[in-house]
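Thanks for coming, everyone. Please bring the model up on your screens. I'll walk through it from the whole chain down to single residues.

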Amino acid sequence: MSFGSSAQVLDWTHSHEEISKLSALLGASQALLGAADFKRGLQSVLETLSVSFGALSSHIVLLNQDTGEIDVEASSGRRLERARPVRHGFRESVVGEPVRNGKPIVVPVARPELRFPAQLSGRSSSREKVTYIAVPISYEGQTVGQLDIELEYTPNRDYERTVTFLAVVGAMIAQAMKVH
């Protein structure tokens, strides 16, 4: 029994990954548009990312326009403890860069202190290799928050594609903000 060349197998794997990402985008879109409650829709988006990407944890934080503080609107993850608002030090930390400067960040192997604020991380082992990716959420030309995700470290991950995918999800979140 022949399975074809390794190039054919890689093409199939790549196609499968792309179909999975498109399916995740569809799921996120349906979650945002179908939810009567905006926060419930955001939570569903993170659950979709968890299933599609195998996310260890993920967060959506938005700027409170009245106070200028950052609020965790949704969080998800199999190792995540109950989420609480993040009000101090977030903007100043590395993980707050997308909110501060409107640009994504990728940390292929994130040290525990560089990951999302400790009060949200339920991680028990600092030896675990984790990739941290965060993208800004922009609305009408202004950065209003960020979407971040922690993934198991994989040496051959295509970071550019992952950032692009997450940026599309961030744009969908921004559009849902406009609707809600």
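Let me define burial before anything else. A residue is buried under 20% relative accessible area, exposed over 50%, and partly exposed in between, with a 1.4 Å probe and protein chains only as cover. On that scale, buried residues make up 42% of the 180 residues in the protein.

Two notes on provenance. This is a predicted model, so local features need pLDDT of at least 70 and side-chain atom pairs pLDDT 80 or more, while totals for chains, interfaces and linings use all residues. Residues are numbered from 1 along each chain as its sequence is written, and side-chain values use heavy atoms, with hydrogens and water left out.

Now the elements. There are 4 helices and 5 strands. These are DSSP runs numbered from the N terminus: helices are H or I with at least four residues, strands are E with at least two. Starting at the N terminus, the order is α-α-β-β-α-β-β-β-α.

Pairing here takes at least two DSSP bridges between two strands.

Contact means heavy atoms within 4.5 Å.

Expected span is 1.5 Å times one less than the number of residues. For the 21 residues of α4 that should give 30 Å, and the end C-alpha atoms are 30 Å apart, which agrees. Its buried residues include Phe165, Leu166, Val169 and Ile173. At its start, a side-chain oxygen of aspartate 158 comes within 3.3 Å of the backbone nitrogen of glutamate 160.

Over to β1. How many of its 7 residues are buried? 7 of the 7, so β1 is largely enclosed by the rest of the structure. In a regular strand, side chains alternate between the two faces of the sheet. Both faces of β1 are covered: Ser57, His59, Val61 and Leu63 are buried on one side, Ser58, Ile60 and Leu62 on the other. β1 pairs with β5 over 6 bridges, antiparallel. Valine 61 has glutamine 146 as its bridge partner in β5. β1 also pairs with β2 over 6 bridges, again antiparallel. There, leucine 63 stands opposite isoleucine 70. In the hairpin of β1 and β2, with 6 residues between the strands, glycine 68 has a positive phi near 80°.

Last, two residues. Isoleucine 149 is in strand β5. Its relative accessibility is 1%, so it counts as buried. Beyond four places in sequence, its contacts include Leu49, Phe53, Tyr132 and Leu166. Its C-alpha is 7.5 Å from that of leucine 56, 93 residues away along the chain.

Glutamate 73 lies in strand β2. Is it buried or exposed? Buried, because its relative accessibility is 19%. Leaving out residues up to four places away, glutamate 73 touches Lys39, Leu42, Ile60, Val61 and Leu62.

Notes: A polar contact is a pair of N or O atoms within 3.5 Å; within protein, one must be able to donate a hydrogen and the other to accept it, and residues adjacent in sequence count only if both atoms are side-chain atoms.
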